[in-house]
Amino acid sequence: MADPADPIPHPAPDPQARPAPMADPAPDAQARPAPATSPAPHPQARPALGTSPAPHAAAGAGRAQGPIFLVGCQRSGTTMLRLVLDSHSRVSCGPETRFLADMQRIVGRDWERLSRFGFPREYWLGRIGDFFGGIQADYARSRGKTRWADKTPLYALSIDFLAEVFPDAQFVHVVRDGRDVVVSHRKRFGYWSAVKCVVKWPRYIRIARAAGARLPADRYHELRYEETVTDPEKAMRGLFEFLGEPWEAGVLDYDGKQHDVAGKYTAEADRRRAAAGTDAPIYGSRVGTYRRELDPFLRVLVRVFSGATLRELGYR
């Protein structure tokens with residue numbers, strides 16, 4: 001199976017090169033404050049359709065309940081975390097979207113063309129947020145939820161852009177031992193995908209962590225896959241505390257709830273549990289699989305291309 005595409009987002013051009021802002025002829029644009037150009041918290045964030053539901057009474061510290069983006073290199077456990085989030089009574093985390101990475105081109109490499117419309121960059125960011133946030137909010141409401149989340153691993157490469165589009169968004173970055181990620185790529189996508197992964201994994205880690213370092217602590221959270229499967233309740237309590245959402249023990253039993261997932265994911269999860277000899281939704285038997293499943297050639301590639309990142313993250 002082909003490896004999922006993971007294009008590197010193109011950075012937005014220097015704002016000094018942009019044309020002077022013109023009046024926005026759209027009837028609702030004048031009422032919309034422009035998003036912050038830096039990813040700092042924005043208490044008066046643009047009220048894009050459905051992107052900022054009212055805070056839950058039990059949520060922490062009065063934090064604005066903005067959207068949640070769940071990111072990380074493919075095969076790092078993001079699907080499992082998506083189902084955990086989606087099992088919460090307030091949070092909806094539906095199917096992957098991926099297309100926001102393409103919409104980044106609007107204020108990136110396509111900016112010279114689109115700037116001829118005369119609208120400032122903030123106008124386009126607002127339109128993207130209204131469109132995407134509206135879809136997600138409608139989907140969440142249709143399921144009786146009040147807050148939306150998006151699990152798209154590819155967005156690990158677009159955190160800076162998403163933080164501009166959604167100034168109140170929180171980002172959860174799932175980090176897994178790159179050696180196990182390489183093994184999982186080989187099993188899921190084939191050997192060539194595993195070869196490419198030794199370069200892709202550290203790139204995802206590097207770009208996502210650098211973007212996270214530019215965000216306030218209450219907007220970026222790293223979650224280790226190994227800690228999640230070893231002590232799920234502790235890891236998940238920490239996650240929902242970060243998100244400002246009340247703890248619900250039922251999120252750990254996500255497989256007993258209804259989710260909009262493709263049948264292949266359910267079938268794959270069933271196969272994995274059968275191989276692990278467990279019926280638990282969260283289990284740790286795949287931790288350290290590289291020790292028995294990584295062949296000598298891939299071991300060398302991992303050491304050369306991923307070794308520095310593994311050491312930086314504390315993987316030995």
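Val199, Val300, Val304 and Phe305 make a nonpolar surface patch of about 350 Å². The model is predicted. Helix H12, residues 296–305, supplies the largest share of this patch, with three residues. Val300 has its place in helix H12. Its relative accessibility is 39%, so Val300 counts as partly exposed, since that class runs between 20% and 50%.

The structure holds 15 aromatic pairs. A pair of aromatic rings is described by the distance of the centres and the angle of the planes. Two of the pairs are set out here.

| Pair | Arrangement | Centre to centre | Angle between planes |
|---|---|---|---|
| Phe69 and Phe171 | stacked | 5.6 Å | 15 degrees |
| Phe240 and Trp247 | edge-to-face | 6.2 Å | 65 degrees |

The Phe69 and Phe171 pair links distant parts of the chain. Phe69 lies in strand S1 (residues 68–71), and Phe171 lies in strand S4 (residues 170–175). They are 102 residues apart. Both Phe69 and Phe171 are buried.

Phe69 and Phe171 also belong to a cluster linked by ring pairs.

The cut-off for buried is under 20%.

One ring also meets a charge. The charged end of Arg176 sits over the ring of Tyr225, 4.3 Å from the ring's centre.

Terms used. Residues are numbered from 1 along each chain as its sequence is written. This is a predicted model: local features need pLDDT of at least 70, side-chain atom pairs count only at pLDDT 80 or more; totals for chains, interfaces and linings use all residues. Side-chain values use heavy atoms; hydrogens and water are left out. Patches are made of residues with over 30% relative accessible area and no salt bridge: like charges are joined within 9 Å, nonpolar side chains (Val, Leu, Ile, Met, Phe, Trp, Tyr) within 5 Å. Accessible areas come from the Shrake-Rupley method with a 1.4 Å probe; for residues, only the protein chains shown count as cover. A salt bridge is a side-chain nitrogen of Lys or Arg within 4 Å of a carboxyl oxygen of Asp or Glu. Helices (H or I, at least four residues) and strands (E, at least two) are DSSP runs, numbered from the N terminus. Buried means under 20% relative accessible area, exposed over 50%, partly exposed in between (1.4 Å probe, protein chains only). Rings of Phe, Tyr and Trp (its six-membered ring) pair if their centres lie within 6.5 Å; planes under 30 degrees apart count as stacked, over 60 as edge-to-face and the rest as tilted. A charge sits over a ring if NZ of Lys or CZ of Arg is within 6 Å of the ring centre and within 35 degrees of the ring normal.
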